[in-house]
Amino acid sequence: MFISSLSIANKTPDPIPDPDAREPVCWLGNSPRSLCCKAVIGLLGVSLLSYVGYGIRYALYEPVRSANYLWAVYHVHSTYSDGLKAPEEIARQARLAGVSLVLLTDHGNPNFESSALHKEFDGVTLIGGSEATLPDGRLTFFGARTVPDIALATFPPQAVKQAREWGAFPVVAYSEDPLYGWRYWETDLVPGGIELSNMFTCVRSLSVYDKIALILFYPFSHYYFIKSVSFPSKSFAHWDALLQRGKIWSLVASDAHGGFHLGKSLAVSIPSYADVFSFAGLGIDKKYSAQPEQAVRNGDFFNCIRGAGEPDLFNFYAVDNGVIYTSGSSPPGKSDLHVEVEAEGLTTRLILRKNGNIVREVDSGRLNIQGAMGGVYRLEVYLLNHPLLPADVPWIVSNPIFVGGLATPPHRELYSETTGVREPRIDRVH
Ligand SMILES: [Zn+2]
């Protein structure tokens, strides 16, 4: 009774409800709005945890490396055009990325300063070159012996001829870029090479969602970029057609600028040269140590997405009467073809193509063909179950072996038949 009286005495009166009072907007309550708040905060928390979780997984990723090949990078811009760094700094970053040869392609028709460069810095060979803007697209060339003080022709076959006369190696650039795409594919076009895949094109072609993911995960690991590499279907189609005209090599293009400009005075060094150089490159046998550029000119190299891993062994060759023929060469008809791929911890699928068509596909690192019939053979290697490289994007693309020789005369003969007399067609769109 006493307790009951006391509790009644101490009881404070119920507050008078304020008609203007609003429901609390925080999670401390059970109103529908509070529950909604909790759900949103919970969702954000789960998303953040999952983002950091994936990020850590990417941060722990390291591609397998191999010391068995020299690496070259092609399509690089220096301060001779819109690149952020001078050739010496590019060489330093190349060394960090394990690259021995840098093929510069600075903007200009031609870029005289860059095209005259042929230097070695700290064990890295720098070969200068140009990226010319023609009415039909971009043509690059590197390794000129001399660059006369004249402008490059605007008609593609003539520009290719000029570059060759200067001792340079001409390459059709941006073969499938939506913005800079090359448009001249007529039969008198016989360049030295064609860009198989351009890293900058790959980024530009990403969906908005994938671009956001790249921005979010790049800080965890620059190798996240490997997810952006796409299957170069148009480049492959153009290359296979060009291979019926002559010995034309495919080159994976870094399109490295060392970062990007933000306005006129600010520049951001992302992605750095070293980062881009570690994504993809040209694999060269060490027998070319003294002259790695020669391997590129010979077609005796392979394209590799190095960010997905480097092979301990990559051999694609033909044998006839005990003589070995590497890529770029022309063994006699009915030569044997051999493929050997070894890469620690990576599972490979090999696709052998003849004149662009699949003739053999195996989930293995070995492939042998006895007595191959005449044709242009090239190899694509895919990685099964790689954490970053999409399964439908080739990890390695070889250069071709021309069993039985070329179907058509070598490009120099073909070229002399068609150039010097033909003028640009007036119905082309410039
Ligand atoms: Zn470029």
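Two strands pair if DSSP finds at least two bridges between them, and strands themselves are DSSP runs of E with at least two residues, just as helices are runs of H or I with at least four residues, both numbered from the N terminus. The structure is a predicted model, in which local features need pLDDT of at least 70 and side-chain atom pairs count only at pLDDT 80 or more, while totals for chains, interfaces and linings use all residues. Residues are numbered from 1 along each chain as its sequence is written.

The chain has 11 helices and 23 strands. Of its 430 residues, 43% are buried, where buried stands for 20 or more other C-beta atoms within 10 Å of the residue's own, exposed for 12 or fewer, and partly exposed for values in between, with C-beta atoms placed from the backbone. Two residues are in contact if these C-beta atoms lie within 7 Å, and among the contacts with a separation of 6 or more, 69% are between residues 24 or more positions apart.

**Helix 8**

Helix 8 covers residues 233-242 and includes Ser233, which counts as exposed because it has 9 C-beta neighbours inside 10 Å. The C-alpha atom of Ser233 is separated by 9.8 Å from that of Val393, 160 residues apart from it along the chain. Buried residues of helix 8 are Ser235, Phe236, His238, Trp239 and Leu242, and their cover includes strand 9 (193-198) and strand 10 (249-256).

**Backbone details**

Positive phi in a residue other than glycine is found at Tyr174, with a value near 45 degrees, and Tyr174 lies in the loop between strand 8 (169-172) and strand 9. Tyr174 counts as buried because it has 23 C-beta neighbours inside 10 Å. Asp255, also not a glycine, has a positive phi of about 50 degrees, but its place is in strand 10, and Asp255 is buried, with 24 other C-beta atoms within 10 Å.
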